[in-house]
Amino acid sequence: MLFNSYIFVLVFMPVFLVAFMQLRRTTYGKTGRGSACKWTVVALSLIFYAPFGAKNMAVLLLSVLFNALIARKFRSVKKGGIYFAVLINVAALLFFKFWGKIPGIGFAFFPVAVSFFTFSQISYLVDMSRGEIGEFDLPDYLSYILFFPKLLQGPLMGYRDFVTSLDRAIGMEGETDWERLLRGMLLFSIGLFKKVILADTFGKAVDFGYQDAVGLGSIEALLVAVFYSFQLYFDFSGYCDMAGGICCMIGFELPANFNSPYKAVNIVDFWKRWHITLTGFFTKYVYIPLGGNRRGRARMCVNFMIVFLLSGLWHGNGITFIVWGAMHGVLFVITRLWMMREKSKNMVPAVGVAGRINHAVKVLLTFTYVTAAWVFFRAPSVGDAMTVLERVFTGGVGPIATKLSAVFQLDELWYILKVTPVMKLGFAWDFCMWLFTAVAVVVIFFMKNASEFTRTCKIGVRTTLCTVFLMLWSILSFAQVSTFLYMNF
């Protein structure tokens, strides 16, 4: 089930909220209250996942059953058995990502969210082997793995943090906190708007560009590359906002996973803002075990490159993803070494007007590099990626393709535009495209991120009307429901 669907918004989400809050209210102060709420979360999360089909459900249940049995028998299997179970999880993930797609095997099937529930279970087993988790608790474990707001795309949350947050949400007093509910609904509606109206519209423009990369003009190629950066941003941040909004409504604190990454001043800063919990996972379970920065700078650089190449392979099995990972890894290493040099020499950053200009230039350069790397991430081959980048410089300057501009002419905007004086102007046909681009730039580079805004804004008539407007516009655009990009990883 997808967040951006009628069945979720109009049926599943209301049922979940009512069931959780009602159960919390009616069982307040009673023994077994927490267990009842957790089993409800487990049951509804399985219902949430069920529409993806029997094959997906079978993989999920087998994975959960295997890992639950290992965790339950932890005291008898000891660390060796735990590490063997981790290897089984990694092997299963590799099979679905790579080996199952080899010609002749005939198993080209990639289970929905397999990376995320596998990583969560690896995290649980490793933390248990390190003594960070106590006795196995079945409802806690199942809630942790299956909790539907984070099941499909994360965030990758530590077991202890998850259980603490869920127990806190369950332990709240019975009366409904309407302000918290409205804040969560506002955050959910912003995320839904980002996905349905912004990300999906930019996505159609990107699809058009990559269908005929050779025929793109310079401006068109540049726009297609930038539009994919926007699509990824709004797709992923939209999901994070929706998941965060659902959790906010029940009082569950979901960790930040997306913090205005295109405002980053360098690639190190970018990875502190983009998919924050995945960065944390690779740091804790790959980078540090490899030695981190404890064995000298050369080894530190090698460890960083290993992490980024693994990140590239995690996203996909093509050479384009390895190039993407290498691009990020190389610049990350160079930037990290430069930052160490600045620190050793006590270099003072510029302040005042010069400081602001310096900051803006760094943000622009970082965004440009990240966008160029995203071209390899999106392109079907390295050749296609190079074609898009080459067309930016050699495509020539000419009018924007009609089909590219038409993508942004949503009926609800185009009908309004046609009765305004704008239609008499020469750029009228491209107006909606530039309007979407301007909105994206303002939201991405100049506004607070949605979670920060909804956490601090004053809840009143304006925010309520904003929630209703964004929700209705998004729901009316559900005719072409699309999956989230990160569900493919």
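How many residues does helix 2 have, and how far does helix 2 reach from its first C-alpha to its last? Keep that in mind while we get our bearings.

**Before you click**

You are looking at a predicted model, in which local features need pLDDT of at least 70, side-chain atom pairs count only at pLDDT 80 or more, and totals for chains, interfaces and linings use all residues. Residues are numbered from 1 along each chain as its sequence is written, and side-chain values use heavy atoms, leaving out hydrogens and water.

**The whole chain**

Show the chain as a cartoon: there are 21 helices and zero strands. Here helices (H or I, at least four residues) and strands (E, at least two) are DSSP runs, numbered from the N terminus. The radius of gyration is 24 Å, close to the 23 Å that the globule rule gives for 489 residues, so the chain is as compact as a globular protein of that length. That radius is taken over C-alpha atoms, and the rule is 2.2 Å times the number of residues to the power 0.38. Along the principal axes, the C-alpha atoms fill a box of roughly 70 × 60 × 55 Å.

Buried residues make up 52% of the 489; buried means under 20% relative accessible area, exposed over 50%, and partly exposed in between (1.4 Å probe, protein chains only).

**Stop 1: helix 2**

Select residues 33-49. Helix 2 has 17 residues and reaches 25 Å, close to the 24 Å expected at 1.5 Å a residue; the expected span is 1.5 Å times one less than the number of residues. Now show side chains: the buried residues of helix 2 are R33, C37, K38, V41, V42, L44, S45, F48 and Y49. Their packing partners include helix 1 (6-26), helix 3 (54-72) and helix 5, where contact means heavy atoms within 4.5 Å.

**Stop 2: the end of helix 5**

Pick S129, in helix 5 (residues 114-129). S129 counts as buried because its relative accessibility is 4%. A polar atom of its side chain lies 2.6 Å from the backbone oxygen of V126. A polar contact is a pair of N or O atoms within 3.5 Å; within protein, one must be able to donate a hydrogen and the other to accept it, and residues adjacent in sequence count only if both atoms are side-chain atoms.

**Stop 3**

Most residues other than glycine have a negative phi, and most peptide bonds are trans. Zoom to G154 and P155, which are joined by a cis peptide bond with omega about 10 degrees. P155 lies in the loop between helix 7 and helix 8.

Next, S260 sits in the loop between helix 10 (218-250) and helix 11 (267-271). Its phi is positive, near 45 degrees, and S260 is buried at 3%.

Then try H275, in the loop between helix 11 and helix 12 (276-287). Phi of H275 is also positive, near 45 degrees, and H275 is buried at 0% relative accessibility.

**Stop 4: rings**

The structure holds 64 aromatic pairs. Rings of Phe, Tyr and Trp (its six-membered ring) pair if their centres lie within 6.5 Å; planes under 30 degrees apart count as stacked, over 60 as edge-to-face and the rest as tilted. Select F408 and F436, a tilted pair at 5.5 Å centre to centre with 55 degrees between the planes. F408 is in the loop between helix 17 (402-406) and helix 18 (411-417), while F436 is in helix 19 (residues 431-445), 28 residues apart.

Finish with R378, over the face of Y210 at 4.6 Å from the ring centre. A charge sits over a ring if NZ of Lys or CZ of Arg is within 6 Å of the ring centre and within 35 degrees of the ring normal.
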